[in-house]
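Please work through the fold shown below by way of questions and answers.

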Amino acid sequence: MSDDYGVSRLIARRRVLRAVACTGALCAVPAMGQAKQLVPFFGRSSRTPVRLVVPFAPGGSTDIVARLLAAQLPAYLGQSVIVENRPGAGGNIGVASVARAQADGGTLLLVSSSFVTNPAIAAERPAYDPVRDFAPVSLAVSSPDVIVVRAESRMATLKDLLDAAARDPGTLTYATPGNGNSVHLAAELLWRRAGVKALHVPYSGAAPAVLAALGGQVDCAFAALPAAQA
């Protein structure tokens, strides 16, 4: 979508940081190229695969990154890595499950910035503390967020989208990967800056949100770029 309002930079240029965290680890590596530093922690005698938990539905941007990591990590760890999707509650269900996991290096968590925004804005405190219950391992990737509409949509530009929202306040529907995550907050910031209102329809991940937009269940979807390209 072209930018006539000059506000799309709030979305397209905002970087969403995704990090890898693990329970019980007190190690950090700056890049996958130095992943051999993980071996002393993950080099267990057990043949049980390392679990890489994604707190969102399959097909989203976080899930795509997890699949790429799972294909590369065994060469460094000497153990297979399986991806486990635990979607729901804006990522809180999957994150809480890892917080309860045994701190033996057998469980990794791939998170987005909702990992820290959810506890800050939730009406009820989540069943985890992002500082107390986890230790960072590495920054995995950064990605811009985008707005997705159907190819046949009359909203071909950002101006079209905002004009439609202004004509009928609160009726334009938009999907996101869930309540309170960074994508949802970015969307709300856009509406507020533009002085319009839209109706939020949360989904369990980016892939279902994008599919809802493409299928016509909602007018548009906000998602990280990898999910929109999948």
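**Packing in a predicted model**

Q: Which residues of helix α9 (residues 206-214) are buried?
A: In this predicted model, the elements that cover the buried residues of α9 include α3 (61-72), β5, β6 (173-176), β8 and α10 (225-229). The buried residues of helix α9 themselves are A206, A207, A209, V210, A212 and A213.

Q: Which residue with a positive phi follows α9?
A: The phi of this residue is near 85°. The residue that follows α9 with that positive value is G216.

Q: How many helices and how many strands does the chain have, and what percentage of its 230 residues is buried?
A: Contacts in the chain between residues at least 6 apart in sequence include 78% that join residues at least 24 apart. The chain has ten helices and eight strands. Of its 230 residues, the buried ones make up 49%.

Q: What is the relation between the axes of α7 and α8: roughly parallel or roughly perpendicular?
A: Two packed helices are described by the angle between their axes and the distance between the axes. The axes of helix α7 (residues 158-167) and helix α8 (residues 182-194) come within 11 Å and cross at roughly 75°. Because angles of 65 to 115 degrees count as roughly perpendicular, α7 is, relative to α8, roughly perpendicular.

Q: Which residues of α8 are met by residues in α7, and how many residues of the contact are nonpolar?
A: On the α7 side the residues are L158, L161 and L162, and on the α8 side they are L190, W191 and A194. No polar and no charged residues take part in the contact of α7 with α8, and the number of nonpolar residues is six.

Q: What kind of aromatic pair do W191 and F222 form?
A: W191 is buried, with a relative accessible area of 2%, and F222 also counts as buried, at 1% relative accessibility. W191 lies in helix α8 and F222 in strand β8, so the pair ties together parts that are 31 residues apart in sequence. The ring centres lie 5.6 Å apart and the planes make an angle of 75°, and the pair is edge-to-face.

Q: Why is the pair of F115 and F134 classed as it is, and which parts of the chain does it link?
A: F115 counts as buried at 11% relative accessibility, and F134 does so at 8%. The centres of their rings are 5.2 Å apart and the planes stand at 80°, so the pair is edge-to-face. The parts of the chain linked by this pair, 19 residues apart, are helix α6 (residues 114-121), which holds F115, and the loop between α6 and β5 (135-148), which holds F134.

Q: Which residue is linked with F115 and F134 into a cluster by ring pairs?
A: The structure holds six aromatic pairs. Ring pairs join F115 and F134 into a cluster with Y128.

Q: Which residues does N92 contact, leaving aside its neighbours within four places in sequence?
A: N92 is found in helix α5 (residues 92-99). With a relative accessible area of 17%, N92 is buried. Leaving aside those neighbours, its contacts are N118, P126 and Y128.

Q: What is the C-alpha to C-alpha separation of A198 and P169?
A: A198 has its place in the loop between α8 and β7 (199-202), and A198 is buried at a relative accessible area of 17%. Beyond its neighbours within four places in sequence, A198 is in contact with G170, L172, Y174 and W191. A198 and P169 are 29 residues apart in sequence, and their C-alpha to C-alpha separation is 6.4 Å.

Note on methods. Residues are numbered from 1 along each chain as its sequence is written. This is a predicted model: local features need pLDDT of at least 70, side-chain atom pairs count only at pLDDT 80 or more; totals for chains, interfaces and linings use all residues. Side-chain values use heavy atoms; hydrogens and water are left out. Axes are lines fitted to C-alpha atoms, for helices over the stretch in contact, and angles run from 0 to 180 degrees between N-to-C directions. Helices (H or I, at least four residues) and strands (E, at least two) are DSSP runs, numbered from the N terminus. Angles under 35 degrees count as roughly parallel, over 145 as roughly antiparallel, 65 to 115 as roughly perpendicular and the rest as oblique. Contact means heavy atoms within 4.5 Å. Ala, Val, Leu, Ile, Met, Phe, Trp, Tyr, Cys and Pro count as nonpolar, Asp, Glu, Lys and Arg as charged, and the others, Gly among them, as polar. Rings of Phe, Tyr and Trp (its six-membered ring) pair if their centres lie within 6.5 Å; planes under 30 degrees apart count as stacked, over 60 as edge-to-face and the rest as tilted. Buried means under 20% relative accessible area, exposed over 50%, partly exposed in between (1.4 Å probe, protein chains only).
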